[in-house]
Amino acid sequence: MSLFITFEGGEGSGKSVQSRALYRRLSKLAIPVLLTHEPGGTPLSKQIGRWLKWVKESHISPLTELMLFNAARAQLVNEVIQPSLKKGVTVICDRYADSTTAYQGYGRGLNLEIVRAFNDAATKKLKPDLTVLLDIPVEIGLGRKRAKRQDRFEGEDIAFHQRVRAGYLKLAKEEPRRWLVIDATRSQKKIADIIWQRVSQLLSHGKR
Ligand code: TMP
């Protein structure tokens, strides 16, 4: 029995901290688990991701961005996520297709049907059992990142990040059974506890 769990949220929402905490918790219980992230998780996906985040020399159109994130994703799903789930390993992924809907769909304003078509092709319609949304006001999230060098997305204006946040909340509302929305301004410990409560429920119900 394995679960597919994804983490989503805007900049500085604490996804990486919480996905690692969940990974450690499951590992301690000797539950087979793999932690991966997007864009990345395979050598090819990592190269594409690095380029998408840091390229300066050329303007990337929103449609190109959509295709490149999904190229990286197709490789990750095929090479890592699907084979792991098939072997009974629980997979935790820090960002997945919902990131594309939020950033390229709602943030960049691409047609949502086109976004869905590319996401579906890359994921082969593999959906998470649980998606944790760490929701944080944009100014607070970006403030947490201010000291670091900004990539192409972190450097976008506030309005872009607000569209991304609103997009995420809309997605969560559309599929409330899949999404767990958490106020990411709460303490790391409290957030980890809320996530664990849901994950342990899913584990005991023997999903997938
Ligand atoms: P991160 O590694 O800090 O999460 O950065 C990934 C950045 O890429 C983040 O700003 C969100 C963005 N992104 C998209 O715009 N679309 C996507 O599909 C994914 C996976 C990430």
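Q: By class, how many nonpolar, polar and charged residues does the lining of the second largest pocket have?

A: In this predicted model, the lining of the second largest pocket has seven nonpolar, three polar and eight charged residues. The volume of this pocket is about 430 Å³. It is lined by 18 residues, and the closest to its centre are Asp-98, Thr-101, Arg-116, Lys-127 and Arg-178.

Q: Which elements give two or more residues to the lining of the second largest pocket?

A: They are helix 4, helix 5 (112-123) and helix 7. Helix 5 gives the most, with five residues.

Q: Which elements give two or more residues to the lining of the largest cavity, and which classes do the lining residues divide into?

A: The elements are strand 4, helix 6 (138-145) and helix 7 (158-174). Helix 7 contributes the largest share, four residues. The lining of the largest cavity divides into seven nonpolar, four polar and three charged residues.

Q: How is a nonpolar core read, and how many residues does the largest nonpolar core have?

A: A core may be read by its members and by the elements that supply them. The largest nonpolar core has 21 residues, and those with the most contacts inside it are Phe-7, Leu-22, Leu-26, Val-132, Ile-182, Ile-195 and Val-199. At least two residues of this core come from each of strand 1 (4-9), helix 1 (15-28), strand 4 (130-135), strand 5 (179-183) and helix 8 (188-205). Helix 8 supplies the largest share, seven residues. Another core lies apart from it, with 17 residues, among them Leu-52, Phe-69, Ala-102 and Phe-160.

Q: Which residues does Phe-7 touch, not counting residues up to four places away in sequence?

A: Phe-7 touches Lys-15, Gln-18, Ser-19, Leu-22, Ile-92, Cys-93, Asp-94, Arg-95, Val-132, Leu-134 and Ile-195.

Q: Where is the place of Glu-38, and does this residue count as buried or exposed?

A: Buried or exposed is read from the relative accessibility of a residue, and buried means under 20%. Glu-38 is in the loop between strand 2 (33-37) and helix 2 (43-54). Because its relative accessibility is 7%, Glu-38 counts as buried. Its side chain makes a polar contact with the side chain of Arg-73 (2.9 Å). Leaving aside neighbours within four places in sequence, the residues in contact with Glu-38 are Phe-69, Arg-73, Leu-76, Cys-93, Asp-94, Arg-95, Tyr-96 and Ala-97.

Q: With which side chain does the side chain of Thr-100 make a polar contact?

A: The partner is again a named residue: the side chain of Thr-100 makes a polar contact with that of Arg-73 (2.9 Å). Thr-100 is in helix 4. With a relative accessible area of 1%, Thr-100 is buried. Not counting residues up to four places away in sequence, Thr-100 touches Leu-66, Phe-69, Asn-70, Arg-73, Gly-105, Val-115 and Asn-119.

Q: Where does Ala-72 lie?

A: Ala-72 lies in helix 3 (residues 62-86). At 1% relative accessibility, Ala-72 counts as buried. Apart from residues up to four places away in sequence, Ala-72 touches Ser-45 and Ile-48. The C-alpha atoms of Ala-72 and Gln-47 are separated by 8.6 Å, although the two are 25 residues apart along the chain.

How values were computed: Residues numbered from 1 in each chain as written. Predicted model: local features only at pLDDT ≥ 70, side-chain atom pairs only at ≥ 80, totals over all residues. Heavy atoms only, no water. Core = buried A, V, L, I, M, F, W, Y, C linked by side-chain atoms within 4.5 Å. Buried < 20%, exposed > 50% of the residue type's maximum accessible area, 1.4 Å probe, protein only. Contact = heavy atoms within 4.5 Å. Polar contact = N/O pair within 3.5 Å; in protein donor to acceptor, adjacent residues only side chain to side chain. Nonpolar A, V, L, I, M, F, W, Y, C, P; charged D, E, K, R; others polar. 1 Å grid on protein atoms, 1.4 Å probe; cavity = no way out; pocket = protein on both sides within 12 Å on 5 of 7 lines; lining within 4 Å. Points joined across faces, edges and corners; volume = space filled by probe spheres on them.
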